[in-house]
Amino acid sequence: MHPKLFQSVASNLGLHNLPSEAMVHNLFAAVAEEIFRGDVTWGRIVALFAMTGALAMDCVKGGHPEYVLGLVQRMGIFVERDVAAWICQQGGWVSGI
């Protein structure tokens with residue numbers, strides 16, 4: 001519904017650069033927690049993937065492609081910890097599509 005939100009996560013939050021991998025991890029965690037502050041829905045899961053992809057692009061465009069692997073790992077941990085049980089309750093990925 002709001003594609004411009006995912007064009008640059010960093011600039012949408014007023015950041016002009018991502019100086020450290022720790023900052024990227026903290027930014028991911030804060031935005032992911034905000035996305036899932038309400039109930040888990042398929043739309044929020046899609047938003048999480050879109051936000052993570054946009055943040056990965058911010059890392060690459062900012063000259064830090066080495067941050068992307070850690071970001072992907074954080075995403076996997078978040079999904080496993082906070083979303084996987086809900087996805088299973090819904091019948092898995094195939095049922096949600």
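Buried residues are those with under 20% relative accessible area, exposed residues have over 50%, and partly exposed residues lie in between (1.4 Å probe, protein chains only). By this scale W42, at 24% relative accessibility, is partly exposed. The model is predicted, so local features need pLDDT of at least 70 and side-chain atom pairs count only at pLDDT 80 or more, whereas totals for chains, interfaces and linings use all residues. Residues are numbered from 1 along each chain as its sequence is written, and side-chain values use heavy atoms, with hydrogens and water left out.

**Overall architecture**

- The chain contains five helices and zero strands; helices (H or I, at least four residues) and strands (E, at least two) are DSSP runs, numbered from the N terminus.
- Along the sequence, the elements follow the pattern α-α-α-α-α.
- Of the 97 residues in the chain, 33% are buried.
- Contact means heavy atoms within 4.5 Å. Among contacts between residues at least 6 apart in sequence, 62% join residues at least 24 apart.

- Two packed helices are described by the angle between their axes and the distance between the axes.
- Axes are lines fitted to C-alpha atoms, for helices over the stretch in contact, and angles run from 0 to 180 degrees between N-to-C directions.
- The axes of helix α3 (residues 42–61) and helix α4 (residues 68–89) cross at roughly 175° and come within 10 Å.
- Helices α3 and α4 are therefore roughly antiparallel to each other; angles under 35 degrees count as roughly parallel, over 145 as roughly antiparallel, 65 to 115 as roughly perpendicular and the rest as oblique.
- On the α3 side, the contact is made by W42, I45, L48, F49, T52, L55, A56, C59 and V60. On the α4 side, the residues are V68, L71, M75, F78, V79, V83, W86 and I87.
- By class, the contact of α3 with α4 comprises 16 nonpolar residues, one polar and no charged. Ala, Val, Leu, Ile, Met, Phe, Trp, Tyr, Cys and Pro count as nonpolar, Asp, Glu, Lys and Arg as charged, and the others, Gly among them, as polar.

**Packing of α2 with α4**

- Helix α2 (residues 21–35) packs with α4 at an angle of about 30°, and their axes are 10 Å apart.
- The two helices, α2 and α4, are therefore roughly parallel to each other.
- The crossing of α2 and α4 is right-handed; a crossing is right-handed if the near helix is turned clockwise from the far one by less than a right angle, and left-handed if anticlockwise.
- Helix α2 contributes E21, V24, H25, F28, A32 and E33 to the contact, and α4 contributes G70, L71, R74, M75, F78, R81 and D82.
- The contact of α2 with α4 divides into six nonpolar, two polar and five charged residues.

**F28 in helix α2**

- F28 lies in helix α2 and is buried, because its relative accessibility is 3%.
- Leaving aside neighbours within four places in sequence, F28 is in contact with L48, M51, T52, L55, L71, R74, M75 and F78.
- F28 and L48 are 20 residues apart in sequence, and their C-alpha atoms are 9.3 Å apart in space.

**Aromatic pairs**

- Rings of Phe, Tyr and Trp (its six-membered ring) pair if their centres lie within 6.5 Å; planes under 30 degrees apart count as stacked, over 60 as edge-to-face and the rest as tilted.
- The count by this rule comes to five aromatic pairs.
- W42 and W93 form a tilted pair, because their ring centres are 5.9 Å apart and their planes stand at 50°.
- W42 lies in helix α3 and W93 in helix α5 (residues 93–96), so this pair ties together parts that are 51 residues apart in sequence.
- W93 is partly exposed, at 44% relative accessibility.
- The rings of F49 and W93 are edge-to-face, because their planes are at 80°, with centres 6.0 Å apart.
- F49 in helix α3 and W93 in helix α5 are 44 residues apart, and their pair links distant parts of the chain.
- F49 is partly exposed, with a relative accessible area of 42%.
- Ring pairs link W42, F49, W86 and W93 into a cluster.

- P19 is located in the loop between α1 (9–12) and α2 and is exposed, at 51% relative accessibility.
- The C-alpha atoms of P19 and G62 are separated by 8.9 Å, although the residues are 43 apart along the chain.
- A22 belongs to helix α2 and is partly exposed, with a relative accessible area of 47%.
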